[in-house]
Amino acid sequence: MDTNKDELQSEEEINLLDLLRVIVRRKKLIIKICVTAVVLSVAYSLTLPNIYTATARVLPPQKEGGGGISALLGQVGGLAGLAGGALGGSSDLYLGILKSRSVADAVIKKLDLQKKFECKNIDEARQALARVVKTQAGKDGIITITADNKDAVLAATLANTMVAELGNRSVQLNLTKAGSERVFLEKRLDLVKDDLAKAENSLRDFQQKNKMLKVDSQAAATIEGIAQIRAEIVAKEVQLASLKSFQTDESPDVQLLKTSIAKLRNQMGSFSGNGAGDVIPAVGNVPNLGLEYARRLRELKTQEAIFEQLKKQYEVAKYNEAKDSSSVQVLDDAVVPAKKSKPKRSLIVLLSAVTAFFASIFIVFIQEYFDKMSDDDRGRWNEIKSSLMLRRRQN
């Protein structure tokens, strides 16, 4: 048993020595391959132009907190969403804006990149811009914009122009949204004003015709409650219509509003028990006159509550349109880099030398195998070569 172990160990030592001997015997070839690879990699790396990288960092606008005018206006039902501003807080959203075609076209036009990148058309210029400008967002929400170019000044200009166009585009989107909300609410307010005037005139005419009629405190409270709920439903429906102008039905905000409206409708239906929400409390001692008076009073209270809700939404829309809530905060402007970022010539040469060394080891072992190939193996090898050559001729 010990004899077999000694023989096995002896064979392993012999094999390792044989391998080392092959390497030593053919070291000139290994050195030539490595030197050639080093020389070629040095020559290749010297032909590569220096690339400079400029970096800019921006912080997207954060969502507004609970203070200020937005909080005061948002206390009324349905206004919290409008009070928060159009864009805010999402790094992914601003990364999408940076990668948009509109931003790319604005940068290309502003810096005349189609000419500088020697592109035939705008599509090639967009592709070239995408290759040299990279964007990413960190876990802290900060967006990093890096630009590579042979011209250090152009690299910094590219990064800063991307930041500027990001700010311009986000402000434009914010103002467009806020402006559309304001116009939408203006039209709705005009209609509500007319309805409110009609309700006021209707109640006044009824009182003048039938002298003085009053409701008791319980009936008045019920009417106020019904009017408030109906006003909240209308306000949320207006907000829903505004959201649908730029969001899909699958949007979380849209779904939330739909759920809120459904709950209010159920609450409205609970007053009458049949979902109609048409309950009229007893008024005075004349049933018919009291019923008609309560209906007209309820309509007036409803229109007043709707007008109040929409008026506050309108003020929020004007506030959002007036302020620049979506301008990004520039943490670091891109500066002209003093040192190149690539190519890393020493790394290229080192990797080439290591790769050439292992490749040369493989080559010398293959040569050694062919030199010591047995007659049977040589015959098989010749047959393989002959069949390969014959197949090439046939093709």
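Q: In which helix is Ser41 found?
A: Ser41 is found in helix α2, residues 27–47, where a helix is a DSSP run of H or I with at least four residues, a strand is a run of E with at least two, and both are numbered from the N terminus. The model is a predicted one, in which local features need pLDDT of at least 70 and side-chain atom pairs count only at pLDDT 80 or more, while totals for chains, interfaces and linings use all residues. Residues are numbered from 1 along each chain as its sequence is written, and side-chain values use heavy atoms, with hydrogens and water left out.

Q: Why does Ser41 count as buried?
A: The relative accessibility of Ser41 is 5%, and buried means under 20% relative accessible area, exposed means over 50%, and partly exposed lies in between (1.4 Å probe, protein chains only); Ser41 is therefore buried. If residues up to four places away in sequence are not counted, Ser41 touches Ile348, Val349 and Ser352, a contact being heavy atoms within 4.5 Å.

Q: What does Arg345 touch, not counting residues up to four places away in sequence?
A: With those neighbours left out, Arg345 touches Ser45, Leu46, Leu48, Pro49, Asn50 and Lys340.

Q: What makes the pair of Arg25 and Glu368 a salt bridge?
A: The closest N and O atoms of Arg25 and Glu368 are 2.5 Å apart, and a salt bridge is a side-chain nitrogen of Lys or Arg within 4 Å of a carboxyl oxygen of Asp or Glu, so the pair qualifies. The pair links distant parts of the chain, with Arg25 in helix α1 (residues 2–25) and Glu368 in helix α13, 343 residues apart. Arg25 is partly exposed at 45% relative accessible area, whereas Glu368 is buried at 8% relative accessibility. By this rule, the count of salt bridges comes to 10.

Q: Which parts of the structure does the pair of Lys342 and Asp148 tie together?
A: The side chains of Lys342 and Asp148 meet in a salt bridge at 3.4 Å, N to O. Lys342 lies in the loop between β4 (329–332) and α13, and Asp148 in strand β3 (residues 143–149), so the pair ties together parts that are 194 residues apart in sequence. Lys342 counts as partly exposed at 39% relative accessibility, while Asp148 counts as buried at 17%.

Q: How many residues apart are Arg126 and Asp123 in helix α8?
A: Both lie in helix α8 (residues 122–132) and are three residues apart, about one turn of the helix, and their side chains meet in a salt bridge of 2.5 Å, N to O. Arg126 is partly exposed at 22% relative accessible area, as is Asp123 at 42%. A network of salt bridges links Arg101, Asp105, Asp123 and Arg126.

Q: What makes the surface patch of Asp190, Asp194, Asp195 and Glu299 one of negative charge?
A: Asp and Glu count as negative and Lys and Arg as positive, while His and the chain ends are not counted, so the gathering of Asp190, Asp194, Asp195 and Glu299 on the surface is a negative patch. Patches are made of residues with over 30% relative accessible area and no salt bridge, like charges being joined within 9 Å and nonpolar side chains (Val, Leu, Ile, Met, Phe, Trp, Tyr) within 5 Å; the place of a charge is NZ of Lys, CZ of Arg, CG of Asp or CD of Glu. Accessible areas come from the Shrake-Rupley method with a 1.4 Å probe, and for residues only the protein chains shown count as cover. Glu299, at 32% relative accessible area, is partly exposed and lies in helix α12 (residues 287–322). Helix α9 (residues 152–209) gives the most to the patch, with three residues.

Q: What kind of peptide bond joins Lys342 and Pro343?
A: The bond is cis, with omega of about 5 degrees, and Pro343 has its place in the loop between β4 and α13.

Q: Where is Glu118, and is it buried or exposed?
A: Glu118 has its place in the loop between α7 and α8, and its relative accessible area of 73% makes it exposed. Glu118 has a positive phi of about 55 degrees although it is not a glycine. Most residues other than glycine have a negative phi, and most peptide bonds are trans.
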